[in-house]
Amino acid sequence: MDALAIRPIPPEATHALRHRVLWPSVPLDAQGQAFDAPPSVHLGAFADDILVGVLTLVAVEGKVQLRKFAVAPEWQGYGVGGAMLDAAIAYSQKQVVLDARREQVRFYQKRGFTVLSPEVFVKRGPGDAGPPVEYVRMGNTTPDA
Ligand SMILES: CC(C)(COP(=O)(O)OP(=O)(O)OC[C@H]1O[C@@H](n2cnc3c(N)ncnc32)[C@H](O)[C@@H]1OP(=O)(O)O)[C@@H](O)C(=O)NCCC(=O)NCCS
């Protein structure tokens, strides 16, 4: 892989990958969320100036919640997601929590996250307009723990 650049992007820049990767049945113009507004931060991963990954960091009760993490399918498995997770942790400087799609739990476990609660819950995407997807809550340790 060529050098990957990870940097903040405007909220609207996340919509196309959210639509393509996470909730394709939800219209592109419905991918925005109330939590996208500042102080939330959106990180984009660029390969040769092409946006190949997005995630959103939302401040919640003294922690940072990582949301809407999506790598373009043709770029998955090449280390983009791992690099973005590292960047998100470094950027946050607080405990990072997230609702993990069940099929991605191992991806986060390999990178030091643990399941915080055994409860499995369902979300349906923006406006509850997508199909049911099962999640578990995960988190890493705080930087100063
Ligand atoms: C999850 C996601 C962001 C990871 O990005 P990525 O660029 O593919 O991740 P990387 O290439 O850095 O890492 C892939 C690693 O995770 C592993 N991995 C990826 N998906 C996995 C899965 N479903 N189960 C087990 N391991 C998985 C790979 O084997 C690889 O392992 P390695 O670290 O030993 O090499 C990306 O696959 C994605 O966008 N998936 C679809 C949307 C999604 O599920 N988003 C997250 C919602 S919680």
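Predicted model: local features only at pLDDT ≥ 70, side-chain atom pairs only at ≥ 80, totals over all residues.
Residues are numbered from 1 along each chain as its sequence is written. Local features need pLDDT of at least 70, side-chain atom pairs count only at pLDDT 80 or more, and totals for chains, interfaces and linings use all residues.

User: In what order do the elements of the chain run from the N terminus?
Analyst: Elements are DSSP runs, numbered from the N terminus: helices are H or I with at least four residues, strands E with at least two. The chain has 3 helices and 8 strands. Their order is β-α-β-β-β-α-β-α-β-β-β.

User: What radius of gyration does the chain have?
Analyst: The radius is taken over C-alpha atoms, and the globule rule is 2.2 Å times the number of residues to the power 0.38. For 145 residues, a compact globule would be near 15 Å. The chain agrees with that, at 14 Å.

User: Which residues of H2 are buried?
Analyst: Buried means 20 or more other C-beta atoms within 10 Å of a residue's own, with C-beta atoms placed from the backbone. H2 spans residues 80-92. Its buried residues are Val80, Gly81, Met84, Leu85, Ala88 and Ile89.

User: Why do the buried residues of H2 line one face of the helix?
Analyst: The arc is that of the directions from the helix axis to the C-beta atoms. Seen down the axis, the buried residues of H2 line one face because they fall within an arc of 165°.

User: Which residue just after H2 takes a positive phi?
Analyst: H2 has 13 residues, 80-92. Just after H2, phi is about 55° at glutamine 93.

Notes
Expected span 1.5 Å × (residues − 1). Buried ≥ 20, exposed ≤ 12 C-beta atoms within 10 Å, placed from the backbone.
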